[in-house]
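Visitor: I am new to this structure. Please take a close look with me at the packing of the helices, and tie it to the rest of the chain.

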Amino acid sequence: MAGFFKSLLQRFTKPDIDWDELEASLISGDLGPRLALQIVKDLKSRQRTLHGADIVQVAREHVRKILPETVPPLEPIPGKPKVLLIVGVNGTGKTTSTAKLANLLHKRGYKIVLAAADTFRAAAVEQLTVWSERLQIPLVKGPPNCDPAAVCFDGYEKAVKTEADFLICDTAGRLHTKHNLMEELKKIHRILGRKDTSSPHEVLLVCDATTGGNALQQAREFHKAIPLTGVIVTKLDGSGKGGVLVPIQQELGVPTRFIGLGEKAEDFQPFDSKRFVEELL
Ligand SMILES: Nc1nc2c(ncn2[C@@H]2O[C@H](COP(=O)(O)OP(=O)(O)OP(=O)(O)O)[C@@H](O)[C@H]2O)c(=O)[nH]1
């Protein structure tokens, strides 16, 4: 994002602003057309000569207003496991984020159970097995291509039996446009609610920052299928700016909870909106 705002400062230094160009560059920074238009409208309404710094300031004010100042941390629920369902399109970093989140909660002293419900990709189960051994966290898995809802259910039983604080279910990557895969996700959601109607307590959509604005459409479709409670933005160590988390919050009211900054277990942090907005500059 820093580069994005720097480019705004450099490109719009002259008083005669090309509004279309400005709107286009705000959209290309993944802020989404709705917010881009609001920022442009706001700037146009100011009756004085505007420079790059004013644009950045106004954009920051708008972003700040949209993002909640703090996002509550993941707290366990007394007496039962808190169930976290990790969802998203293919290759966004769901399995890695599942492991990273387990690591973070484990380090906070919580007891975790992992469910390898990505039964479609054998490598995902292997990947999670490696992580679970490395992090010493129990993992529930099933035979290849078994029903992912059944794996989640078994995971839930294990979490109850072992009095775990959290059950984290990794799911297969699915295109938000594939009806049958979204139906499968709804089934997982339903089955998890069998023993505890409030489960899953969190549904976290994993978005790859490098896919840009497309993540908004993914979020819309997933949110339509099963209500999302949060977003994990991955690969922020790459070229992606992560700006899309702003329109996801604005349009769907779904906050970003965590960010991924690399491939290692430690490359994961709770989302800090203040820092995110500050780093825009
Ligand atoms: N640089 C970087 N790479 C990441 C990050 N998160 C995940 N990755 C990498 O992205 C690739 C895909 O990650 P996975 O966790 O396998 O993705 P997935 O969403 O589970 O994949 P599918 O199950 O196929 O949908 C792997 O090479 C990860 O190491 C991140 O924050 N930064």
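Guide: A helix axis here is a line fitted to the C-alpha atoms over the stretch in contact, and angles run from 0 to 180 degrees between N-to-C directions. The helices (H or I, at least four residues) and strands (E, at least two) are DSSP runs, numbered from the N terminus. This is a predicted model, in which local features need pLDDT of at least 70, side-chain atom pairs count only at pLDDT 80 or more, and totals for chains, interfaces and linings use all residues. Residues are numbered from 1 along each chain as its sequence is written.

Start with helix H2 (residues 19-31) and helix H3 (residues 33-44), whose axes come within 8 Å and cross at roughly 140°. On the H2 side, the contact is made by Trp-19, Leu-22, Glu-23, Leu-26, Ile-27 and Leu-31. H3 contributes Pro-33, Leu-35, Ala-36, Leu-37, Ile-39, Val-40 and Lys-44. Contact means C-beta atoms, placed from the backbone, within 7 Å. By class, these residues of H2 and H3 divide into eleven nonpolar, two charged and no polar (Ala, Val, Leu, Ile, Met, Phe, Trp, Tyr, Cys and Pro are nonpolar, Asp, Glu, Lys and Arg charged, the others, Gly among them, polar).

Next come H5 and H6, which pack at an angle of about 15° with their axes 10 Å apart. That angle makes H5 roughly parallel to H6 (under 35 degrees; over 145 is roughly antiparallel, 65 to 115 roughly perpendicular, the rest oblique). H5 passes H6 in a right-handed crossing. From H5, the residues in contact are Thr-95, Thr-98, Ala-99, Ala-102, Asn-103 and His-106, and from H6 they are Ala-124, Gln-127, Leu-128, Trp-131 and Leu-135. The contact of H5 with H6 has six nonpolar and five polar residues, and no charged ones.

Helix H7 (residues 148-161) and helix H8 (residues 179-192) pack at about 25°, and their axes lie 9 Å apart. H7 and H8 are therefore roughly parallel to each other. The crossing of H7 and H8 is also right-handed. Pro-148, Ala-149, Cys-152, Phe-153 and Tyr-156 in H7 meet Glu-184, Lys-187, Ile-188, Ile-191 and Leu-192 in H8. Sorted by class, the contact of H7 with H8 has eight nonpolar, two charged and no polar residues.

Inside the order, strand S1 (residues 82-87) and strand S4 (residues 166-171) pair in the parallel sense over five bridges. Val-83 stands opposite Leu-167 in S4.

In the loop between H6 and S3 lies Gln-136, which has a positive phi of about 60° although it is not a glycine. Pro-200 is found in the loop between H8 and S5, and the peptide bond from Ser-199 to Pro-200 is cis, with omega near 0°. Most residues other than glycine have a negative phi, and most peptide bonds are trans.

As a whole, the protein chain has eleven helices and eight strands. Along its principal axes, the C-alpha trace spans about 65 × 40 × 30 Å.

Conventions:
Left-handed = near helix turned anticlockwise from the far one by under 90°. Contact = placed C-beta atoms within 7 Å. Pairing = 2+ DSSP bridges.
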